[in-house]
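Colleague: Could you take me through this model with a few questions and answers, as I am new to it?

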Amino acid sequence: MPMMTGEQYLASLEDGRRIYADGEQVKDLTSHPQFATAIRLVEKGYADHYQPGDDVNGPYFAIPRSRDDLRSLLGTLLHWDMVTVTTSQGLLALLTAAARMRADHPHYSQRIEDYFEHCRRNDLRCVQAITDAKGDRRIAPGAQEDPDVYTRIVERRPDGVVIRGAKLHISAAAVSHELVVMPTKRMKDGEDDYAIACAIPVNAPGVKIVNTNYAPRDRHEDFPASSAHNMPEGFVILDDVFVPHERVFLAGEVAHSATFAHSLGLWERLGGTAHMSEFGDTLVGLAELIAEANGTERISHIREKIAEMVIYATLVRAGLEAAIANAEPSPEGWYFPSELYTNAAKHYAAAEFSHMVRHVHDIGGGSIVTAPSVKDLENDEVGPFVKKYMATKPGVSGEYRTQLFHAIRDYTADAYGGWQLVTMLQSGGGLYAQRLVARKHYDMDRAKGLALKLAGLS
Ligand SMILES: Cc1cc2nc3c(=O)[nH]c(=O)nc-3n(C[C@H](O)[C@H](O)[C@H](O)COP(=O)(O)OP(=O)(O)OC[C@H]3O[C@@H](n4cnc5c(N)ncnc54)[C@H](O)[C@@H]3O)c2cc1C
């Protein structure tokens, strides 16, 4: 199969998928305000990568075989649309899981590798569907009042399994082709039916996706960031979905139920850290620009806050570099980033993000949320006054400063800004998960040895 063109991607979405938004089934995804921008971005991703010929060799199907490969993958994915990024991360996570399961379950590893080839040959886009509804968080999957709050196998047939459940917060599910389903956490003995990993086409019978999106519905000119980049978040309902054996990667082997989540966590957190290193620099840029526009850039407390932001952005980037520099090879010769540095960097970047946003808000002033709209700037009667009073000095016009405030509000203080604050904390499994993994891979014996030596007790 040749690579898909942008037009072929658009046509591929007309496959009978059941997509819902604002209480209704969406008939035309491409014109709906919750999906139109996202689809345009993914279409552009296809168009940008398209090469004629029979082989599909998009860089998002590349497997890093050295630290330099890993660095170059992370450098390029910053310029991809989110669905292309989730395709790369999800498939690398599956291959990582295949490598980790090979000794115990070679047939599952083979199916994963075949599935990878299927996606590559057909140039498909995948999302990761891992987070379950989870019911009462203190109660184990099998003991929940409603047994479906964790996705489970409800029927085993000679040719496959039937699964039921829901996967929540699945980014871009509605605009991609494949749902890569994985157990949300480690399952215990007796929870075999919950240890299910598989791949499902988005249009499979029984799949229904309810969507939300922070995309602005109007006044796009006042939302420069979120009108250009947004993705739907999918509440994916799996209402007795049949999955044939060749697409099943785990079906009851609880010992490997956490292998997928750990593998995905590694790649998702690495990609997240790469994006956050760009966000950190963007926040520094916004803070410096608005300080200059306000005439406060030389005031000492403003300079200190921006210096703190510079250190944040630089340390996130340093953590990313360390994750790559300490990457390790698998028996297959693929390179996996360091678990310790990936998780520590992602945790630091996420935990301190809101602190950095606070600095931008502190530096910028109230116009971040009250600056008049672009339409008001253009109004014949009040526009000249808005321009006059929003200007600060020669070289800083009212239009420029107002648009800077809109960018800060959109990026940090409005629907998209709020989405970012929550997403920073929860994406990649949440801060707690990153603390657990970082601690597990930290050399505690060495740390204790140093402390004992200091105390004269070694
Ligand atoms: C915008 C966005 C996009 C996302 N994209 C995806 C995606 O594409 N695919 C995907 O699979 N997931 C995705 N996620 C889901 C994300 O991984 C989860 O939000 C995260 O794992 C937390 O799960 P939760 O939302 O169910 O919250 P909860 O599990 O309820 O967690 C809330 C808090 O309670 C704590 N907690 C919960 N249970 C326990 C417990 N038993 N013991 C100790 N502490 C506990 C958590 O540590 C956390 O601090 C996305 C999330 C967001 C916000």
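Colleague: In which sense do strand β8 (residues 207–212) and β9 pair?

Modeller: This is a predicted model, in which local features need pLDDT of at least 70 and side-chain atom pairs count only at pLDDT 80 or more, while totals for chains, interfaces and linings use all residues. Residues are numbered from 1 along each chain as its sequence is written, and side-chain values use heavy atoms, with hydrogens and water left out. Strands (E, at least two residues) and helices (H or I, at least four) are DSSP runs numbered from the N terminus, and two strands pair if DSSP finds at least two bridges between them. In β9, Gly234 is the bridge partner of Asn211, and β8 and β9 are joined over 6 bridges, the sense being antiparallel.

Colleague: What is the order of the strands in the open sheet?

Modeller: Strand β1 (residues 18–21) runs parallel to β8, with 4 bridges joining them, and Ala21 has Asn211 in β8 as its bridge partner. Further along, β5 and β9 pair in the antiparallel sense over 9 bridges, where Gly165 stands opposite Leu238 in β9. The open sheet has 6 strands with mixed pairing, and their order is β2-β1-β8-β9-β5-β4.

Colleague: In β6, which residue is the bridge partner of Gln128?

Modeller: Strand β3 (residues 126–129) pairs with β6 in the parallel sense over 4 bridges. From β3, Cys126 and Gln128 point one way and Val127 and Ala129 the other way, all of them buried, where buried means under 20% relative accessible area, exposed over 50% and partly exposed in between (1.4 Å probe, protein chains only). In β6, the partner of Gln128 is Val180.

Colleague: Is Ser176 buried or exposed?

Modeller: Ser176 lies in the loop between β5 (160–171) and β6 (178–181), and a polar atom of the Ser176 side chain lies 3.2 Å from the backbone oxygen of Ala173. Not counting residues up to four places away in sequence, Ser176 touches Arg17, Val83, Arg125, Val127 and Val202, a contact meaning heavy atoms within 4.5 Å. Because its relative accessibility is 0%, Ser176 counts as buried.

Colleague: What is the phi of Ala172?

Modeller: Most residues other than glycine have a negative phi. Ala172 is found in the loop between β5 and β6 and is buried, with a relative accessible area of 0%. Although Ala172 is not a glycine, its phi is positive, at about 65°.

Colleague: And what is the relative accessible area of Asp240?

Modeller: Asp240 lies in strand β9 (residues 233–244), and its phi is near 55°, a positive value in a residue other than glycine. Asp240 is partly exposed, the relative accessible area being 35%.

Colleague: At roughly what angle do the axes of helix α4 and helix α6 cross?

Modeller: Two packed helices are described by the angle and the distance between their axes. Axes are lines fitted to C-alpha atoms, for helices over the stretch in contact, and angles run from 0 to 180 degrees between N-to-C directions. The axes of α4 (residues 82–101) and α6 (residues 257–294) come within 8 Å, and they cross at roughly 145°.

Note on methods:
Polar contact = N/O pair within 3.5 Å; in protein donor to acceptor, adjacent residues only side chain to side chain.
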